[in-house]
Structures are given as C-alpha cells and as structure tokens.
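I opened the notebook to look up ring pairs, charge contacts and strand pairing. The sequence and structure go in here.

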Amino acid sequence: MRTLIALAAAALLAADARAQTTFSPPPPRGSPAIDVLDYEFTLDLPDSGASIEGRTVVTIRRLSGGADSLWLDLLGLRVDSVLVDGRPTAVTRDSARIGVPLPGGGGSGDVLKVAVRYGGPVSDGLIIRTDSLGRWSAFGDNWPQRARHWLPTVDVPGDKATVSWIVRAPSGRRVVANGELEEETPIASQRPPSAGGPARTLTRWRESRPIPVYTMVIAVGTLAYVSLDGGLCAPMDRPGCVRQGVYVFPEDRAFLPGPFARSADIVGFFTSVVGAFPYEKLAHLESSTRFGGMENSSAIFYADRPFRQRTMGPGVIAHETAHQWFGDAVTEASWGHLWLSEGFASYFEQLWWQHVSGDSAIRRGMAELRREIIASPVTAARPVIDTAETNYLALLNSNSYQKGAWTLHMLRTMLGDSAFFRGIRGYYTRYRHSTAVTDDLMRELERASGRRRKLGWFFDQWLRRPGVAELTTQWRYDPATHRVVLEVEQGARFAPYRFPLVVALTERNGAVRRTTVEIGAARMQRITLPIVLTGAPQSVVLDPDVQLLASFATR
C-alpha cells in the first residue's frame with residue numbers, strides 16, 4: 001500500500017498544480033440568521049495575576065430573514081460597554097451570554113460591527129500561571145467551548161471567522177497567535193520607570209482564513225524561537241512554502257529540533273495526499289494545555305511536560321499537524337460529528353507512519369487501535385456520530401479517535417487507494433475554510449468512486465450504531481471439491497454487519513493464496529472459497545492485513 005500511496009500522491013500533486021488558490025466556502029452552519037465574518041480582539045495583559053482588559057469587535061452579516069439580535073457567549077467577566085456600528089447600545093445579560101439588539105431596517109446581507117469592552121479575572125480558557133522561576137505566562141486553551149471564559153464570541157464550531165489579535169503585554173514576553181505576524185512595537189508605559197512601570201510591547205497577528213473559535217488562541221510567555229525552515233518546501237494555498245518553527249521555554253531549547261526535525265516531512269506528505277497547507281505558517285509551541293496537543297490553527301500548542309522530560313515523539317506532531325487540514329480548515333459543523341476531526345487526525349498519523357516505516361507499521365498501528373476499540377465500553381454503547389451527547393469532553397473517546405480512524409481505513413480498503421484519496425482530496429477542496437457533516441464526506445467518496453448513493457449502508461453500520469463485528473469462525477477442507485468451506489457466525493450483541501473479508505490460505509508447499517469474500521448482514525453464513533487446492537491447507541488466516549474492524553474467535 002505504501003507504493004500505491006506514493007502513486008496517488010503524485011497524481012494529486014499534478015492536480016494541485018492546476019487548482020485555483022481561491023476558495024468559495026459553502027454557507028456557514030452556525031446561527032441560521034447571522035454569520036460572523038471577523039473578530040478583532042484587543043487585549044491588555046497584566047505583569048502578573050489573572051485579570052485582563054479587552055475590547056472585541058465582531059463583524060457580522062445578517063442572512064436571509066434578518067435578525068434582530070446577536071447573542072455572544074461570555075462567562076464571568078464584566079461588560080463595560082457595547083457599541084453597534086459606533087452607537088452605544090443597551091444589552092441583555094444573563095449568566096452565560098450577552099444579548100445585543102440590532103437596528104431595524106437592515107435587509108438580508110447587511111454587515112454590522114459590534115464592539116464589546118469588558119474585563120476582569122479569567123478563570124478558564126486563557127490559562128494564566130506563574131512557574132517556579134517566577135515567569136508569568138498565558139496560553140489560550142479553548143476546546144470545546146471555553147473561549148467564552150475570556151472572549152465574547154459565538155462559541156460554536158459551525159460559525160468560522162477570520163481573526164486579528166492586538167495584544168499589549170510586558171516586553172519580556174513574546175506573543176504568538178494565529179496567522180501572520182504584522183507588528184511588534186514597543187509602547188510607552190503609563191507609569192514612569194521610577195514608579196515601577198514596565199516596558200510593554202504591542203503585538204499584532206492576523207489570520208486571514210476563517211477558523212473556528214475553539215482554535216483562536218494567543219500564547220504569551222518567555223519563549224525562545226527555533227526555525228524549522230530550510231527543509232522540504234511544502235506548498236501553501238498561496239505562493240510560497242510553509243514556514244515552520246518551534247517556540248519553547250529557554251531551558252528546553254537544547255531539545256530542538258528533536259522530533260520536530262520530522263515536521264517538514266510530515267507537512268510535505270500531507271500536502272501530497274490532501275492538498276496545499278491552508279494557513280500562513282505553522283508554529284509549534286510548548287504551552288499550558290489540558291491536552292497532550294491542541295491543534296490551534298497555524299499555532300499548535302503542546303503540553304510542556306514532554307518537552308521537559310524529552311519524551312515528545314513525532315506521532316503526536318503528525319496527529320496535530322493533520323488537524324490543520326481536518327478540524328481546522330474543514331471543521332465539523334457540530335460536535336456530534338467530531339470524528340471528522342479526531343478520526344481523520346488519528347488515521348493520518350497512521351498513514352504518516354506507513355509513509356516512513358512501511359506497511360508493517362500501519363498494520364501494527366491499526367491492530368493496536370482495534371484492540372482499544374474492542375475493549376472500550378463506549379464503543380459498545382454509543383455510535384460514532386453521537387448527537388445526543390451534550391458533555392462534549394466525553395466525545396474525546398474511542399469512537400471519535402480509534403473507530404473514526406478505522407472507518408477511514410475500511411473505506412480505503414473497500415474503495416482502493418486511488419478512489420479513496422481522490423475522494424478525500426475532493427472533500428477537503430470543497431469544504432476547506434468551511435464546515436462539513438458526515439454525509440458531505442460520504443457524497444465526495446461516492447463521487448470519487450463512482451458509487452453514487454451506494455455508501456449509505458457502510459456509513460450507517462459503522463458510524464450510526466454502536467459496536468463492532470464479532471465473528472466466530474471455523475473451516476474445513478472438502479476433498480471432493482478441493483476447496484475450503486468457511487463458516488462465519490456473527491454474535492448476538494450487535495446487529496450483523498456487511499463487509500468484505502480477506503482470507504489467506506497457506507498450502508502444503510508454503511505458497512500463500514488469497515481471496516476476498518463478501519459477508520452479508522446475517523447471523524450465520526457458509527461460504528465455499530473459490531480457490532482450488534491440491535490438498536488440505538496448512539492454515540487459514542482471516543483478515544491477514546488488518547483491514548476489518550472485528551473480533552475473531554474460532555470453534
């Protein structure tokens with residue numbers, strides 16, 4: 001399969017050379033009446049402590065039918081003033097949101113600017129701490145809906161927007177954010193040095209591509225920068241190569257480039273099989289985050305412990321980098337379709353291991369993921385597409401990650417590399433910088449494989465119901481026909497599955513012969529394999545290449 005991926009990648013690169021760098025994303029899937037176009041966040045950060053002062057300008061467009069109010073999510077912070085197109089406005093405030101009345105008379109498509117001045121102590125979302133060396137730092141950590149603790153936003157994945165950051169912070173800290181660095185300018189302190197006024201710096205970053213609120217972040221800290229440029233030139237969706245670098249605390253700089261030496265190859269491989277990198281740069285940051293890695297658009301945040309303990313590996317870098325395409329550029333429209341983010345990142349991590357280490361690597365990786373799925377009570381109880389779950393942290397489970405990855409693996413096996421990667425590329429191209437649901441992916445794969453309206457059964461059985469195939473099998477050799485008769489029984493815990501099953505027969509002389517049989521959605525099937533043998537085989541192995549999500553037992 002490694003060779004097939006290389007061939008598919010070459011064809012996709014050729015197609016990319018002919019592709020337009022512009023994009024026309026589909027309509028947003030956030031509020032049905034309002035589309036947020038842009039956020040401009042202005043933040044004044046302290047020298048210590050956890051209190052901030054901010055001003056957010058939200059640019060919105062009213063959609064069909066118009067809207068008479070905008071609701072912004074904001075928790076625990078005071079609101080000093082709200083302006084709509086420069087005019088003061090009285091707002092409605094509850095424990096979780098700000099209700100901003102919008103002027104009448106505007107038709108569908110009109111654009112308004114809503115400015116909110118606010119501030120106070122931050123309890124979550126922006127992780128502020130002072131380390132053992134007395135260094136104050138702040139790192140955004142928004143997933144799934146924690147931006148509302150420090151930013152007034154429409155805090156849902158389905159409404160993406162461009163974003164600007166204007167941050168005033170002590171000059172001893174570096175500020176990093178999404179997008180392109182536009183300005184770093186020293187500013188005069190309001191207090192003279194004799195009164196203890198520290199030097200401060202104004203920093204501006206601009207992300208020109210629409211991104212979800214949960215990936216809009218800043219990092220502020222004593223950070224050293226190590227450039228990763230000079231390696232493979234991976235293309236962006238505009239002229240130039242992807243610029244990469246790592247920001248770390250100074251004492252961890254000696255660790256670099258370490259596993260990040262692979263980052264150019266990781267980005268290059270993903271661009272070859274999916275499409276050009278979607279953002280202005282890719283920064284990797286040692287940070288404070290509750291997760292091992294967080295795929296913030298163009299600025300991935302990693303937990304600091306693997307840096308300090310020198311345990312960071314390339315697998316997590318590949319996983320979080322894959323999110324730049326899947327999760328960030330193509331975002332799940334709602335949390336119930338999280339597998340479109342985490343399942344993709346998990347599978348593309350395995351594809352990268354196959355790229356660097358061969359087919360045996362992906363077999364080992366998928367076998368381990370399969371063991372985790374089979375052992376998981378979540379997989380047995382809930383479907384992958386889980387729109388009923390309202391505790392979004394609970395969606396970080398074996399369904400979204402491992403079973404999502406396995407769904408893609410089985411689609412690749414069933415459709416073949418050429419159609420599968422053509423469909424993945426079509427899905428990315430159509431929905432980049434917008435949002436998607438599972439049926440959008442299904443339609444692209446149907447289109448790429450020529451199976452119009454013929455993959456619904458597959459998506460239903462693997463994504464919309466719990467469980468895995470549980471198989472009990474036995475075989476016998478029929479000397480009258482010189483063939484093997486295979487019996488396959490599916491357990492009663494889950495409804496029967498339909499799937500192709502690869503069978504490998506080892507003959508007496510050691511030759512291995514393979515065949516694929518179609519297993520129907522029935523409790524019991526008896527199948528005579530089509531291979532004619534000279535005698536009873538030495539062994540019969542089911543799923544020798546680890547391509548089926550099933551447990552196997554014999555009787």
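My entries follow, topic by topic.

**Ground rules.** I am working with a predicted model, in which local features need pLDDT of at least 70, side-chain atom pairs count only at pLDDT 80 or more, and totals for chains, interfaces and linings use all residues. Residues are numbered from 1 along each chain as its sequence is written, and side-chain values use heavy atoms, with hydrogens and water left out.

**Aromatic pairs.** I looked up ring pairs and found 33 of them in the structure. Rings of Phe, Tyr and Trp (its six-membered ring) pair if their centres lie within 6.5 Å; planes under 30 degrees apart are stacked, over 60 edge-to-face, and the rest tilted. I noted Phe260 and Tyr302, whose ring centres are 5.7 Å apart with planes at 75 degrees, so this pair is edge-to-face.

Where do Phe260 and Tyr302 lie? Phe260 is in the loop between strand E17 (244-248) and helix H2 (263-273), and Tyr302 is in strand E20 (residues 299-303), so the pair ties together parts 42 residues apart in sequence. For the names: helices (H or I, at least four residues) and strands (E, at least two) are DSSP runs, numbered from the N terminus.

I then checked burial, where buried means under 20% relative accessible area, exposed over 50%, and partly exposed in between (1.4 Å probe, protein chains only). Phe260 is buried at 1%, and Tyr302 is buried at 0%.

Next I took Phe326 and Phe344, a tilted pair with 4.4 Å from centre to centre and 35 degrees between the planes. Phe326 sits in the loop between helix H4 (314-322) and strand E21 (330-332), and Phe344 in helix H5 (residues 339-357), so this pair ties together parts 18 residues apart in sequence. Phe326 is buried at 1% relative accessibility, and Phe344 is buried at 0%. Both rings also belong to a cluster linked by ring pairs, whose members include Trp325, Trp339 and Tyr427.

**Charges over rings.** A charge sits over a ring if NZ of Lys or CZ of Arg is within 6 Å of the ring centre and within 35 degrees of the ring normal. The charged end of Arg465 is over the ring of Tyr497, 4.1 Å from its centre. I also found Arg498 over the face of Trp457, 3.8 Å from the ring centre.

**Salt bridges.** How many salt bridges does the whole structure have? I count 34, taking a salt bridge as a side-chain nitrogen of Lys or Arg within 4 Å of a carboxyl oxygen of Asp or Glu.

Arg146 and Asp124 meet in one at 3.0 Å, N to O. Arg146 is in the loop between strand E10 (136-140) and strand E11 (161-170), while Asp124 is in the loop between strand E8 (111-121) and strand E9 (126-130), 22 residues apart. Arg146 and Asp124 are both buried.

Asp155 is buried at 1% relative accessible area, and Arg148 is buried at 15%. Arg412 and Asp417 form another, at 2.8 Å, N to O, and both are buried.

**Strand pairing.** Two strands pair if DSSP finds at least two bridges between them. Strand E4 (residues 78-84) pairs with E8 in the antiparallel sense over six bridges, and Val82 has Val116 in E8 as its bridge partner. E4 also pairs with strand E5 (residues 87-88), antiparallel over two bridges. In the hairpin of E4 and E5, two residues lie between the strands, and Asp85 takes a positive phi near 50 degrees.
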